[in-house]
Amino acid sequence: MMDTKKQIGSGERLYKMFIYVILGILAISILVPVAWVFMASIKENSEFYGNPWTLPKGIYWKNFVDAWNAASMGEYMVNSVLVTGLALVLLLVIALPASYCLSRFKFKGQKFLNICFMAGLFINVNYIVVPIFLMLRDGDVWLKKVFGNGFLLNNVFILAVVYAATALPFTIYLLSGYFQTLAHDYEEAAYIDGAGYETTMWKIIFPMAKPSIITVILFNFLSFWNEYIISMTLMSSAKGPKTLPVGLLNLMQAQQSAAQYGIMYAGLVLVMLPTLILYICVQNQLTQGMTMGGLKG
């Protein structure tokens, strides 16, 4: 009996060691390239013509200044902040009440709406970006005929609306799944105390769903911030506004041909920094259990 327990214990230790080794390898494979990009972003251009793993001789901040000003990365970042912020606000304003209603109430057409949102999970947005572009282009043609000017293409707000609309299925699916795990006792107690549906939703249910909401915000922020295909298609004007991923690709193409590698890597750092800062700020909330809504005796 004791030998069997020892074998089980040694097997568990070997399994844990294997898991830790795999996780360590994955962490190194992610951290090393990120650290290398940060290191390369502060090198002078002449330092790239030797060993790529050589530490920089000093901190060459001019790469960031040139990327921000000369390469217009500052303008691109402002556009990305506006698009991402607007898209997240629109998404949460629509998805939170919709998820709450679909998961907590029974009404005619509820199953049909749930099926429609679930079907949206299986649609890859990149496959329908051309029809979206054609619809907006035709809308611009009509607006120009009627009002003399169109605004559906090369518009930061319209791009944010498209982002929010394409993210609705996943967001509603995730939030609805969490709301369904909450006991109805909370709402019944609130109704007895005189709270209405809206007050119960905003002051009782949504605060309890904070971990799930933060997860949704982080996932969609990463998706909107790094999105390229839709932005490139709907913001195709040469003189129109560009988001950061589109501007970064233009910067990489320009600096590779000009052999200005420091500026190119500084642009990469400017793209990565907001996502890293956001993750550092919300990592504690992300690691909290998703069962905070459980009743306590």
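Predicted model: local features only at pLDDT ≥ 70, side-chain atom pairs only at ≥ 80, totals over all residues.
The protein chain contains 12 helices and 0 strands. Read along the sequence, the pattern is accordingly written α-α-α-α-α-α-α-α-α-α-α-α. The chain has 297 residues, of which 37% count as buried. Among contacts in the chain with a separation of 6 or more, 71% are made by residues 24 or more positions apart.

Two packed helices are described by the angle between their axes and the distance between the axes. For helix H3, formed by residues 73-104, and helix H6, formed by residues 156-179, the angle is about 35° and the axes lie 7 Å apart. The crossing of H3 and H6 is right-handed. In the contact of H3 with H6, 24 residues are nonpolar, 5 are polar and 1 is charged.

Helix H6 also takes part in the lining of the largest pocket. Rolling a probe the size of a water molecule over the atoms shows where empty space is left. The largest pocket holds about 420 Å³ of space. Its lining is made up of 20 residues, and those nearest the centre of the pocket are Ile123, Asn124, Val125, Thr166 and Ala167. Two elements, H6 and helix H9 (210-226), each give two or more residues to this lining. The largest share comes from H6, which supplies 6 residues. By class, the lining of the largest pocket comprises 13 nonpolar residues, 6 polar residues and 1 charged residue.

A further site considered is isoleucine 204, which is found in helix H8, spanning residues 197-208. The relative accessible area of isoleucine 204 is 29%. Because buried means under 20% and exposed means over 50%, isoleucine 204 is classed as partly exposed at this value of 29%. When residues up to four places away in sequence are not counted, isoleucine 204 touches Tyr186, Ala190 and Thr199. One of these contacts, with tyrosine 186, joins positions 18 residues apart in sequence. The C-alpha atoms of isoleucine 204 and tyrosine 186 are 7.4 Å apart in space.

Definitions and conventions
Residues numbered from 1 in each chain as written. Heavy atoms only, no water. Axes fitted to C-alpha atoms, helices over the stretch in contact; angles between N-to-C directions. Helix = DSSP H or I, 4+ residues; strand = E, 2+ residues; numbered from the N terminus. Left-handed = near helix turned anticlockwise from the far one by under 90°. Nonpolar A, V, L, I, M, F, W, Y, C, P; charged D, E, K, R; others polar. 1 Å grid on protein atoms, 1.4 Å probe; cavity = no way out; pocket = protein on both sides within 12 Å on 5 of 7 lines; lining within 4 Å. Points joined across faces, edges and corners; volume = space filled by probe spheres on them. Buried < 20%, exposed > 50% of the residue type's maximum accessible area, 1.4 Å probe, protein only. Contact = heavy atoms within 4.5 Å.
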